Structures are given as structure tokens and as C-alpha cells.
Amino acid sequence: MMIPTIKSSIFAFVLTVVSATSASHVAAAEEERAGDSANKTTLANAAVQALANEVRSKGWIVYSAKSDKGDWDLFLMRPDGSGPRNITNTPTQSEAAPRFSPDGKRLLFRRLKKGQTISHDRWGFQGQLVLAKSDGSSPTDFGKPSEFTWAAWSPDGRRISCLSLRGVEVVDLKTKKVVRKFPRRGIFQQLFWSPDGKWYCGTANVGGEKWTIVRMDANSGKLNVVSKFQNCTPDWFPDSEHVIFSNRPAGQGGYGWTQLWMADAAGKRRNLVYGEDERHIYGGALSPDGKYVLFTRCPQDGGGSERGGAPAGLMRLSDAPIIAGESQSLRKLHPNVKNGPVLPLPVCWEPHWTFAEIGGSR
Amino acid sequence: MTDEVPHTLESSNEATTNKTSAESNRGTIVFRIAITLLVIAVIIGVAVALVTKNPAGPTERGRDDKVTSLGSAEVTGKLIEIRGKFLPNDGLYNYAFVLKYHILEVHRGNVEAKEIVVAHYNPLKPRSSVADEFYPDIGGTLKRFRAQDIHRMALDVPIDDYYIGGIVDRYFDERKGEIYWAVWTNLANEP
């Protein structure tokens, strides 16, 4: 009986030692993993902080957001999200969709009745066009409600282009007279004039497809397709040669998620800029030097304007494409992507950026 | 007194029973007359309603003040098919869907083709509730689109002069004429 007892004791001792060693290794591995994770988080935070430091002094972002009184107002903030301030403060009315003039000295936006739902893709037809200084002061009604729809600045800031059933009309801001008019050729929303004045981009019915991004030659009116099928909210890069837009690609299984894309304006090449499953990405806008991209990330399609806005983000274009979150199916389609950094910005809708210093602002 | 009382009571009961029976008979007759009149009234009402709805054959079906006055043309046509599925009308995206019709009758306006394509706004919605902030003057009695149904429609053309929005046009590469914009759409099926 003694020998088995000794053997049992030795076995138990060895087992205890092995277990203890193994446990300590597991604990060490867990610690290491936790350390890695913490390091990664620290690095990610550092990368985001570096991005914030990089953009902080680069002008101002104007955006629409819900005020604490429940209406939509316009706000200014530094590109890192610091110093936000309400520049309209009109509790009985809403203001939305601001755009800086090319020189950054003025704003155009639309004023709506308080409580009126802002249509996520037809907002340009709603409310009244208002022009103001870029700090929101001296707001001036420009026409009546439902006039000067989809107003967009000309490159020199002296005219606006408008899109309506009548076609595309170029309006002189001093005289309010239409100085040029031409057919819209299927473009039905989000018409924007290129910085070099030679082109327009917009969302159009072309080729039987729905929600196609097109470029229109400002002189001849000739169209070319930039991106087909379920696109919207196009806007120009500063070089007038590329367009940024939102696209909900087919084949995602179900409704799908809207992603931010860019393309050369001739429509030959498209690239993913930012995607994130379970978020619809809209409001794509470039910094004036074309190095940074603004966007909004909304869990509900259309919720950016029709609910309460969506968290915004800022990234370097040189870091594109970025895929955030797990986004397993999206990562399979785009295996060579980055994870960031993305600088989180306040909840808003349709942000727009100028490098100009704004009078009345610190 | 005690003998007479039952007799008196019996007589009284008999009289009461006879009176009740007579009243009951009168009530039954009145009830029958009322029911007969009601049935006649209902039959007349239904007949009037049917005649009003389809007063005088094909040219009058689906006719109302709106369809006869809105738009620049008015036709009765058979919906040939619904090509593919409608997109959702969940309040988020609004669109016009192009449908192909065989023309049965032109009531007014200049529609020469035997087949035309017509864009209907947000086709999953009943026409009575399809009008919105952007297109407040469209409508009709049609509740849902079914292939082979006959519609009486007030139309405008070309669509780009009347509608500015997304169009789902699955006839793009084969249609020859302009797309008509449906202003008012009534069901005009044969009875």
C-alpha cells in the first residue's frame, strides 16, 4: 500500500507544479494580451490625438445640428471638434445645409419651419435660401420659400446655380436675375458646381439606372456617368477632377450599408474611402486642400437629417480606405484596408469646411 | 264574489290574450312591410351606386372631376405588366416607377401611340394617399397596381417638366416615346 501512496503523492506534486506553471503562463499570456490591447488602444488614441493636433488650426467646420430647444441651428467648430458654438440661435425656425462660399467669407443655407422634417435627399427643395456672413451674422433672405432650390456657389462666389423643374439656372447674386439657363438632363438633386467652374456633379436618372452620379460639362451640357446604382450626395474635390459620394452597393444581402466612395470625374475608377457595417456613411466633404475627409455615420439610413443627426468623423485621405468596426463582409471585399485613425466629431448633418479665419470667431 | 272572481279573471285574461295577439299580428305585418321597404331601398341604393360608378359603359368608367380636368391628356389603358418588383415605399426614398399601358381610349389630349409608358409616384401607396409635400396634386381612386387592370388616367408629358426625382425605368433600352407623368389614376375595370 505504501508504494502506490508514494506514487500518488509524487504524481499529485508534479500535477500541482505543472498546473501552477501552466496557470502562471496563461495569466502571463492574458496579461500580455491585455497589455497588447491596452497598447493598441493607447496607440490608437495617440494616432487620433495626433490627427486632432494636425487639423486643429486648419480653419473652421460649419454644420447643422439640433439645438437643446429642439430646432436645427448652424454651428461652427474647429476641425478637431473644439470650440463649437451656435451661430444662428433661432428657436422658432430651423437652419440646415450650410455651405461656405469659396473664399470662406459667406454662407448659404436653407431656413425651414421649426418641426418640419428635413428630407435627407430632397432638402434642397425645402425652405428658403438664406445668405449670411460666415459667422452667421447679417442673415438675408434670398427669395421666397421653395425658390432658388439646390443653390450652390459659383467658383467666384458672385453667382449661384439652382436646380428645379425649369432646369439649371445660374443666378446673379446682386441682381437676382437668371443669367443662364440650360436643361438639367435627368439630374434631380444635389447639383454642385466644380471649383474650376467647368463642371457640375449631381444625382441623376441616366440609363434607366436609379440614383446615378453624373458629371455635366458646364458649357455643352454633356453628361458622363461617374458611378451607377444607389449613389447620392456627390461633392467635388478641390482639384475639380474627383468626386466624393455615398454608395450603397448591391449584393450586400438585404438592405445593405451605405459607404463613402470617391471616383475620378470621368468615371473610370472608383475607390472606397470609408465603410462601416451597421452605419450609413453620408455627408462626404473634403478639406479645402483635399487632404482630409469629413463624413457622418448614421445607424439608420436617412436618420442624419430626418431624426437628430449622426456622429461625424474626420480622416486623412491618405489613410483611405478605412473600414471601421468588425465589418466582416466588407473586409472580405476590401482586404487591404486600414483601421484609422478616425477623429470622432459631434453629432451633426452636412458638415462643410473652410480654411478661412472667420470674423467674430476666436 | 269568490266564484265570480275567477270567471271575471278568465274573461279578462282571454280578452288580454286576444288583444295581445292582434297587436302582435299588427306588429309582424308592420315589421314585414318595414323589412320589405328596407330591402327595396337597399336594392335601389346599390343599383344607383352601380349605375353612378359605371354610368354608361367603357367611356364612363373611372370618370370623375379630377381625372377629366387635370393634366394635358386623359386616357383609359390596360396595364400590360409590372416589370420587376417595386422598391419599398417606407417613407425614406421616393421614386416614380415606369409602367407600360396598352391604350384603349383617348379621352382628351394628343396621345397617338397604341402603347405608352407612364411613371407613377411611389407605386406601393394607394393613390388616395400618395400626394405629399413635394407633389400635393396627384392622386386617384386606384388602391394598388395589378397587371391587366384598366386605369383611367390624367397625364402630363414630358415627365421632366412635372417631376424631379428618382425614376425606376426598366424600359429604358426599349421604349421609343416620352415617359408620361401620372397625375390622377382611377380604376376603370369592366364590371
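These notes go through a predicted model of chains A and B, point by point.

1. Domains of chain A. Chain A splits into domain 1, residues 1-55, and domain 2, residues 59-354. Taken over C-alpha atoms, the centres of domain 1 and domain 2 of chain A are 50 Å apart. Six residues of domain 1 and eight residues of domain 2 make up the contact between them in chain A. On the domain 1 side of this contact in chain A, the residues are six nonpolar, no polar and no charged.

2. An open sheet in chain A. Four strands of chain A form an open sheet, in the order β8-β9-β10-β11. The pairing is antiparallel. At the edges of this sheet in chain A stand β8 (152-153) and β11 (178-182). Each has a single partner strand, so one side of each lacks a neighbour in the sheet. Strands of a sheet pair through backbone hydrogen bonds, in either the parallel or the antiparallel sense.

3. The β8-β9 pairing. In chain A, β8(A) pairs with β9 (residues 159-164) over two bridges, in the antiparallel sense.

4. Trp349(A). This residue belongs to strand β24 of chain A, residues 343-354. Is Trp349(A) buried or exposed? Trp349(A) has 28 other C-beta atoms within 10 Å, and a residue counts as buried at 20 or more, so Trp349(A) is buried. Leaving out residues up to four places away in sequence, Trp349(A) touches Tyr63(A), Ser64(A), Ala65(A), Ala96(A), Gly283(A), Thr296(A), Gly304(A), Ser305(A), Gly309(A) and Ala310(A). One of these partners, Gly283(A), is 66 residues from Trp349(A) in sequence and 6.9 Å away in space, C-alpha to C-alpha.

5. Positive phi in chain A. Two residues are worth a look here. Ala97(A) has phi near 60°, a positive value in a residue other than glycine. Ala97(A) sits in strand β4 of chain A, residues 93-100. With 24 other C-beta atoms within 10 Å, Ala97(A) is buried. Ser240(A), a residue other than glycine, has a positive phi near 60°. Where is Ser240(A) placed? Ser240(A) is in the loop between β16 (231-236) and β17 (242-247) of chain A. Ser240(A) is partly exposed, with 18 other C-beta atoms within 10 Å.

6. Cis peptide bonds. Omega is near 0° for the bond from Ala320(A) to Pro321(A), which is cis. Pro321(A) is in the loop that joins β22 (310-316) to β23 (322-324) in chain A. In chain B, the bond from Val157(B) to Pro158(B) is cis, with omega near 0°. Pro158(B) is found in the loop between β5 (150-156) and β6 of chain B.

7. Make-up of chain B. Chain B has one helix and seven strands. Along the sequence of chain B, the pattern reads α-β-β-β-β-β-β-β. Of the 191 residues in chain B, 30% are buried. Take the contacts in chain B between residues at least 6 apart in sequence: 71% of them join residues at least 24 apart.

Notes:
Residues numbered from 1 in each chain as written. Chains lettered and ligands numbered in written order. Predicted model: local features only at pLDDT ≥ 70, side-chain atom pairs only at ≥ 80, totals over all residues. Pairing = 2+ DSSP bridges. Buried ≥ 20, exposed ≤ 12 C-beta atoms within 10 Å, placed from the backbone. Contact = placed C-beta atoms within 7 Å. Domains from an automatic or database assignment. Nonpolar A, V, L, I, M, F, W, Y, C, P; charged D, E, K, R; others polar.
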